[in-house]
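Colleague: Could you take me through the aromatic rings in this one, with a close look at what sits over them and how they pair up?

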Amino acid sequence: MTEFWLISAPGEKTCQQTWDKMMAATTRTNNLSTNHKFNIPDLKVGTLDVLVGLSDELAKLDSFVESVVKKVAQYMADVLEDSRDKVQENLLANGVDLVTYITRFQWDMAKYPIKQSLKNISEIISKQVTQIDNDLKTRASAYNNLKGNLQNLERKNAGSLLTRSLADIVRKEDFVLDSEYLITLLVVVPKTGYPDWQKTYETLAEMVVPRSSNLLFEDNDSGLFSVTLFRKAIDDFKHKARENKFTVRDFQYNEEEMKADKEEMTRLSTDKKKQFVSKTDAVEVLKSLYGLPVNFQAMLLQPNKKTLKKLREVLNDLYKHLDSSAAAIIDSAMDIPGLNLSQQEYYPYVYYKIDCNLLDFKV
């Protein structure tokens, strides 16, 4: 299960006692969750008014950060395409998987100096994540353009013989080249028309070279034949070929152009692979967290899937004394004016849910 509950409660005589009490209630006797201490440095909390004023901004920032992280994850899935089963192993934060990163969380003092006010720290996070979001949009746009161009080339190389590129089919020796009088044409013939082609191609124009037709390639429906004739007979030959349901491809053998087409496809394929997020650690910005006074203990719980309800009950019993109104809110289903529990549940302790499943689909 990749869901975590980040909770915080005021210390007993010491923060260690708060931790021990919570551990005893959730793990030592009933195995409700796997717990980790969550280390938050001594931030400049400021006054209660400052915290209240910042809470709305932090909620918006949190939603924004989460949306960007999920965009990055989805982008990785798009780029990996047929290797989507490897997405999770590439979703790294500071070089480790997200569960390890969260359970061993360490505040980045260099990026988010604790001497700064909480407002300043939130602004730093906002600017960094906005830059990641902008970079991602640019990268995604470039990737989609490359993918579209590559798909167009692939379609040309894999479609019907009537439209596909012939660069990987024909060879130099299939053509009469550098002749003032002769030219080799390529004709698409339905498989059902092979006998008619063999009987009639020499008579479709007056100047067709006898026995000059060869089958170069065939797909499920048609074959590609070469035929050599005098240049002055081209128009007449094309006209008669059409009448017999043979299609002359507009193609001239040009080694340089064919080489350029192949190189373009290789370049697009290489550039497409390069669009993968560099070392995949753009996911390093996870959640925007704000500090609590030093006598609070932050704890990270990973609930056991089958005991979610029981764990919630144990935590409520453990901390409901912190808020005299909490018991009534927790135990009663009555409607309380101004409090909409259907949108956001209320708990007598600080509670924040962290979901490490960044993708909407299963890989």
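Modeller: Let's start with a charge over a ring: R312 sits over the face of Y347, 4.0 Å from the ring centre, where "over" means NZ of Lys or CZ of Arg within 6 Å of the ring centre and within 35 degrees of the ring normal. R312 also lies over the face of W5, at 3.8 Å from the ring centre. Mind you, this is a predicted model, so local features need pLDDT of at least 70 and side-chain atom pairs pLDDT 80 or more, while totals for chains, interfaces and linings use all residues. Residues are numbered from 1 along each chain as its sequence is written, and side-chain values use heavy atoms, leaving out hydrogens and water.

Now the ring pairs. Phe, Tyr and Trp rings (six-membered ring for Trp) pair if their centres lie within 6.5 Å; planes under 30 degrees apart are stacked, over 60 edge-to-face, the rest tilted. That rule gives 16 aromatic pairs. F175 and F251 have centres 5.9 Å apart and planes at 35 degrees, so they're tilted. This pair links distant parts of the chain, 76 residues apart: F175 is in the loop between α5 (118–158) and β5 (182–190), F251 in the loop between β8 (247–249) and α8 (255–274). Helices (H or I, at least four residues) and strands (E, at least two) are DSSP runs, numbered from the N terminus. Both F175 and F251 are buried, meaning under 20% relative accessible area (1.4 Å probe, protein chains only).

Y194 and F225 pair edge-to-face, 5.2 Å centre to centre with 85 degrees between the planes. Y194 lies in helix α6 (residues 194–200) and F225 in strand β7 (residues 222–230), so the pair ties together parts 31 residues apart in sequence. Y194 is buried at 18% relative accessible area, and F225 is buried at 2%. Ring pairs join Y194 and F225 with W197, Y201, F237 and F246 in a cluster.

How values were computed: Buried means under 20% relative accessible area, exposed over 50%, partly exposed in between (1.4 Å probe, protein chains only).
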